[in-house]
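Subject: Structure handover

Hello,

Here is the structure for you to look over. My notes on it follow below.

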Amino acid sequence: MYTEDDVRRLTWQCRRGMLELDVLLVPFMEQAFRDLAEDDQDRFVRLLDCEDQDLFVWFMQRGKAEDPDLQRMVDLILERVQPD
């Protein structure tokens, strides 16, 4: 279970300094993280440990994460921002 201190720390960690990542990660953290199942919360935290260059490639859909758990989180985040 993530405490409010954890959530604040993770929200700060979502600020990557690359606009393309910031506009995806920060709103997802603020709007969706608390509602995720604990397994998905853990996956999101793991995703934040990845290199910005890898995240950029995955979110711009120029490649896929080798780890299916990380790709699951990328897909979840993209589903929230893409129109139906």
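The structure holds zero disulfides. Please keep in mind that this is a predicted model.

Cysteines

Cys 14 takes part in no disulfide. Its nearest cysteine sulfur belongs to Cys 50, 12 Å away. A disulfide needs the two sulfur atoms within 2.5 Å. The sulfurs of Cys 50 and Cys 14 are therefore too far from each other for a bond, at 12 Å. Is Cys 14 buried or exposed? Cys 14 is buried, and its relative accessible area is 0%. Cys 50 is buried as well. For Cys 50 the relative accessible area is 15%.

The core

How many residues does the largest nonpolar core have? The count is 26. Leu 25, Phe 44, Leu 47 and Phe 59 have the most contacts inside it. The elements giving two or more residues to this core are helix 1 (4-14), helix 2 (19-31), helix 3 (38-48), helix 4 (52-59) and helix 5 (68-81). Helix 2 gives the most, with six residues.

Set aside its neighbours within four places in sequence, and Phe 44 is in contact with Cys 14, Leu 25, Phe 28, Met 29, Phe 33, Met 73 and Ile 77. The list includes Cys 14, the buried cysteine described above. It also includes Leu 25, one of the residues with the most contacts inside the core.

Helix 3

Which residues of helix 3 are buried? They are Asp 40, Gln 41, Arg 43, Phe 44, Val 45, Leu 47 and Leu 48. Their cover includes helix 1, helix 2, helix 4 and helix 5.

Now for the packing of helix 3 on helix 5. The angle between them is about 95°, and their axes are 9 Å apart. On the helix 3 side, Asp 40, Arg 43, Phe 44, Arg 46 and Leu 47 make the contact. On the helix 5 side, Asp 69, Leu 70, Arg 72, Met 73, Val 74, Leu 76 and Ile 77 make it. By class, this contact of helix 3 with helix 5 has seven nonpolar, no polar and five charged residues.

Arg 43

Arg 43 sits in helix 3. It is a buried residue, with a relative accessible area of 19%. The cut-off for buried is under 20%. What does Arg 43 touch, leaving aside its neighbours within four places in sequence? Arg 43 is in contact with Asp 69, Leu 70, Arg 72 and Met 73. Take Met 73 from that list. Arg 43 and Met 73 are 30 residues apart in sequence, yet 6.7 Å apart in space, C-alpha to C-alpha.

Other residues to look at

- Glu 4 lies in helix 1. It is partly exposed, with a relative accessible area of 44%. Glu 4 and Arg 34 are 30 residues apart in sequence. In space they are 9.8 Å apart, C-alpha to C-alpha.
- Asp 22 lies in helix 2. Not counting residues up to four places away in sequence, Asp 22 touches Cys 14, Arg 15, Arg 16, Gly 17 and Pro 27. Asp 22 and Val 57 are 35 residues apart along the chain, and their C-alpha atoms are separated by 14 Å.
- Gln 61 lies in the loop between helix 4 and helix 5. Its phi is near 60°, a positive value in a residue other than glycine. Gln 61 is exposed, with a relative accessible area of 53%.

Best wishes

Key:
Residues are numbered from 1 along each chain as its sequence is written. This is a predicted model: local features need pLDDT of at least 70, side-chain atom pairs count only at pLDDT 80 or more; totals for chains, interfaces and linings use all residues. Side-chain values use heavy atoms; hydrogens and water are left out. A nonpolar core is a set of buried Ala, Val, Leu, Ile, Met, Phe, Trp, Tyr and Cys residues joined through side-chain atoms within 4.5 Å. Buried means under 20% relative accessible area, exposed over 50%, partly exposed in between (1.4 Å probe, protein chains only). Helices (H or I, at least four residues) and strands (E, at least two) are DSSP runs, numbered from the N terminus. Contact means heavy atoms within 4.5 Å. Axes are lines fitted to C-alpha atoms, for helices over the stretch in contact, and angles run from 0 to 180 degrees between N-to-C directions. Ala, Val, Leu, Ile, Met, Phe, Trp, Tyr, Cys and Pro count as nonpolar, Asp, Glu, Lys and Arg as charged, and the others, Gly among them, as polar.
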